[in-house]
Amino acid sequence: MNRKKLSALLPLAALAVAAFAQTPSWIVDMASGDRLQGQLGAVGPSSIKLVLRGTTGSSVDVAAKDIVLLSQDPAPKAVATGADRLELADGSLFLGRYVRVEKGVVLFESAMLGALRVNLDQVALLSVDGATPPAEPRDPAFAAALAKGGSIAIGALKAMTGTDLTLGAAGEETKLASSTLAALRMPAKAAATPPAGYVELSFANGERVGGSSPELRSGTLFASGPGGLRVGVPIDKVASISFGQSSLSALRSVVVWGAWADQATDGEHAYVLGILRDGLPGWTVTDSREEYPGRDFAAALLKARTLVVTEAENWYSADVGRLADALEKPLAEFLARGGNLVISSPQSESLAFWRDLGLIDLEGGDFNDGTVPFTAQGKSAVGAGLGSSFETINGTSFYTEGGSWPVEVWAENEYGIVVASRKVGKGRVIVVGMDYFDPSDETARVLVNAVQAK
């Protein structure tokens with residue numbers, strides 16, 4: 001493994017030609033929905049070569065633009081990781097051991113990539129020993145740091161000359177030694193427009209990373225950081241390689257998951273499917289009813305702009321622990337890449353589930369109807385084609401903020417919040433209070449707009 005220090009991580013630019021025999025078996029999920037399986041023979045600037053399974057030397061060239069995901073089958077065994085977690089603004093995630101912050105650079109030992117040097121301004125979240133990062137500050141330009149003793153400092157992060165973090169707010173400064181840091185949340189950044197040919201590498205232990213010019217050579221997959229620096233990982237440790245996943249907002253596909261919804265022909269799940277098929281002409285609307293989502297669900301999500309969860313009125317029948325195991329990783333990766341998760345009318349147990357996954361925290365209130373005004377932000381995000389407010393239907397859920405993290409309130413009245421959102425990674429989690437058993441043109445428009453929200 002190449003353990004050169006990596007000063008930053010950038011989106012991938014191109015694929016470099018490389019030949020490799022004796023690779024593991026790989027599944028290729030195509031944008032068309034087709035699936036191929038075989039050995040990976042070569043990776044090039046515009047295609048891969050796959051030696052087909054069950055044939056004698058027969059191979060096929062597959063254009064990179066037609067590939068959604070390459071995944072090793074069976075999945076490689078995960079390597080042991082440390083308890084520390086480093087997440088970057090571009091969606092990269094490293095697990096291992098935090099060392100320190102020095103002169104604006106985070107030193108981190110990744111379980112897969114070894115010693116990393118990451119510029120602090122590229123960091124989104126840092127967690128040491130499983131500590132929960134502080135809530136998002138109200139001021140989006142502020143960072144929030146949690147010390148091991150439990151104190152929290154919030155403010156604008158000053159330039160570093162040593163190993164002390166200095167945060168300033170309201171004319172006061174707080175200094176924190178990086179050795180005492182338990183967690184850090186950096187200010188959110190707008191997603192950069194990636195170059196053509198973007199891909200992302202995911203590893204069996206949950207780490208994921210982008211680089212540039214990946215090359216498969218002598219059993220090792222290499223990738224470049226800035227300035228031509230290279231890191232390398234044995235190919236049998238790579239769980240998947242996804243193509244073109246940094247520009248989800250350009251995709252015209254939505255997955256509607258209704259495993260625990262009313263699936264009758266006149267139930268909520270069917271009505272939501274109908275609303276989206278009518279309201280999003282030219283889009284692919286995928287009906288998913290896997291109770292505990294697996295590979296097919298993950299493959300569909302890789303091609304989707306948005307995942308819609310229909311009202312889960314049968315949630316009480318679900319094995320919540322098994323659901324968390326099935327959903328946590330694909331949802332984290334989906335949101336990190338910029339996908340939208342739209343949840344329709346979650347209640348009690350399901351509200352707690354989404355909070356426990358670290359996605360959004362709302363508390364259930366009354367069921368009601370009536371006029372619900374948009375906030376200025378909500379009008380911009382989900383109010384297209386509507387006035388300054390919309391009329392809900394009887395049975396709409398109203399919410400209050402749970403307090404774990406700030407949420408953006410997009411529509412509310414005196415009874416509570418009907419539409420709320422929270423940025424997670426590059427994507428959004430959006431809750432709408434309507435269950436769509438009795439939809440209207442206005443409530444349908446809110447759902448269609450939420451699917452396309454940025």
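1. Ser-345 is buried, at a relative accessible area of 1%; buried means under 20%, exposed over 50% and partly exposed in between, with a 1.4 Å probe and protein chains only. Its phi is positive, about 50°, although Ser-345 is not a glycine. Ser-345 sits in the loop between β26 (340-344) and α4 (348-356); helices (H or I, at least four residues) and strands (E, at least two) are DSSP runs, numbered from the N terminus.

2. This is a predicted model, in which local features need pLDDT of at least 70, side-chain atom pairs count only at pLDDT 80 or more, and totals for chains, interfaces and linings use all residues. Residues are numbered from 1 along each chain as its sequence is written, and side-chain values use heavy atoms, without hydrogens and water.

3. The average pLDDT (the predictor's confidence in each residue, from 0 to 100) is 83, and 86% of the residues score at least 70. Over residues 1-22 the pLDDT is below 50, yet this stretch has 97 contacts beyond near neighbours in sequence; contact means heavy atoms within 4.5 Å. Where pLDDT is low, predicted coordinates should not be read in detail.

4. Tyr-436 also has a positive phi, near 70°. Tyr-436 is buried, with a relative accessible area of 1%, and lies in the loop between β31 (427-432) and α6.

5. Asp-73 and Pro-74 are joined by a cis peptide bond, with omega about 0°. Pro-74 belongs to the loop between β6 (67-72) and β7 (84-88).

6. In α1, Glu-268, His-269, Val-272, Leu-273, Ile-275 and Leu-276 are buried. What covers them includes β23 (253-257), β24 (284-288), β25 (306-309) and α6 (441-452).
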